[in-house]
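Subject: Handover of a structure and notes on its charged residues

Dear colleague,

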Amino acid sequence: MATVDEPLYPIAVLINELKNADVQLRLNSTRRLSTIARALGEERTRNELIPFLSENNDDDDEVLLAMAEELGVFVPYVGGQEHAHVLLPPLETLCTVEETCVRDKAVESLCRIGSQMKENDMINWFIPLVKRLSAGEWFSARVSACGLFHIAYPSAPEMLKTELQAMYSQLCQDDMPMVRRSAVSSLWKFAATVEPAHLKNNIMTMFENLTQDDQDSVRLLAVEGCATLGKLLEPQECIERILPVIVSFSQDRSWRVRYMVADQLSELCQAVGPEPTRMDLVPAYMRLLRDNEAEVRVAAAGKVTKFCQILNPELAIQHILPCVKELSLDSSQHVRSALASVLMGMAPVLGK
């Protein structure tokens, strides 16, 4: 790594290379932005380098990805927490590009910077950025916005909190499936920052709407979050609102959603507790073990030992063991292989 004592001539070369027609030179220079910043000093980095990066219209995804990553650790180079907000404009631009990995890295860097900003700066700079992205014309901006709410929300005053909840609700109903997928993926992080009363009403309403989405890619992401969301609710509330969703998903018309339920079922059981598991999730699991799609049976078979560990031995012997015997003769070798990989673990669970 270069040090602050480097002569300025090489620094000038690095800065020029940021504009070079050769992609590799631009990439090398972008990866050394911290070296350039240290040589320029905090004030010139704020006043010259960051505005230059904000106006940079590089179209190479690798360069943009490197920039998004570098800017995430740039707070010390612009003068610390007090000036962290100057890093937001170039990252906001990167949140709108087409390439997913660039957007994801820009969101990750914004989250890192936002978590270091003062509350007043969050209100003046970060929350307006989230609002602009949420209302963006291009779906890419709205996709990125979803991943920032959990950072913005805790610093917001009451009126802004209400507005942020309304905006997230709109993203959950967006016309573009990509935006709804992003909204459901980030819902659990946002839910963890919301007050209990709003969690029970607003967040759960958003979640329940997403579980009814016509796109199976949205519904299967909702399965992933059931356990996490269930842990945020009171036990009875979890049984009333999460359990019916899990049971419904286990019979979903899309095999991909049923596959996800089979894959996540042991975590879902822990979220709802032993009695609902015995009454509702054991029958659901038996259905998945006998599913028409081999892929679903593979996922369910691979979790059989883990699932039986949650049950008492009598229940496992009575309900699960007959299904296991059927699977040992399954027409799909992948199902038999998945079962064989976990079967030995069942002996101590069943006490035999």
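A residue is termed buried under 20% relative accessible area, exposed over 50%, and partly exposed in between (1.4 Å probe, protein chains only). The model is predicted, so local features need pLDDT of at least 70 and side-chain atom pairs count only at pLDDT 80 or more, while totals for chains, interfaces and linings use all residues. Residues are numbered from 1 along each chain as its sequence is written, and side-chain values use heavy atoms, with hydrogens and water left out.

Salt bridges

A salt bridge is taken as a side-chain nitrogen of Lys or Arg within 4 Å of a carboxyl oxygen of Asp or Glu. The count by this rule is 20. Helices (H or I, at least four residues) are DSSP runs, numbered from the N terminus.

One of the salt bridges joins K161 to E195, at 2.9 Å from N to O. This pair connects distant parts of the chain, 34 residues apart: K161 belongs to helix α11 (residues 158–172), and E195 to the loop between α12 (177–191) and α13 (196–211). K161 counts as buried because its relative accessibility is 13%, whereas E195, at 23%, is partly exposed.

K306 and E267 form another salt bridge, their closest N and O atoms being 3.4 Å apart. Here too distant parts of the chain are linked, with K306 in helix α20 (residues 304–310) and E267 in helix α17 (residues 255–272), 39 residues apart. K306 is partly exposed because its relative accessible area is 37%; E267 is also partly exposed, at 26%.

Within helix α18 (residues 274–289), E275 and R278 are three residues apart, about one turn of the helix. Their side chains meet in a salt bridge of 2.6 Å, N to O. Relative accessibility is 43% for E275, which is therefore partly exposed, and 38% for R278, likewise partly exposed.

Negative surface patch

D59, D61, E98 and E99 form a negative surface patch. For such a patch, residues must have over 30% relative accessible area and no salt bridge, and like charges are joined within 9 Å. Asp and Glu count as negative, and the charge is placed at CG of Asp or CD of Glu. Among the members, D61 lies in helix α5 (residues 61–71) and is partly exposed because its relative accessibility is 35%.

Yours sincerely

Terms used:
Patch = residues over 30% accessible without salt bridge, like charges linked within 9 Å, V, L, I, M, F, W, Y side chains within 5 Å. Areas by Shrake-Rupley, 256 points an atom, 1.4 Å probe, with all protein chains shown as cover. Helix = DSSP H or I, 4+ residues; strand = E, 2+ residues; numbered from the N terminus.
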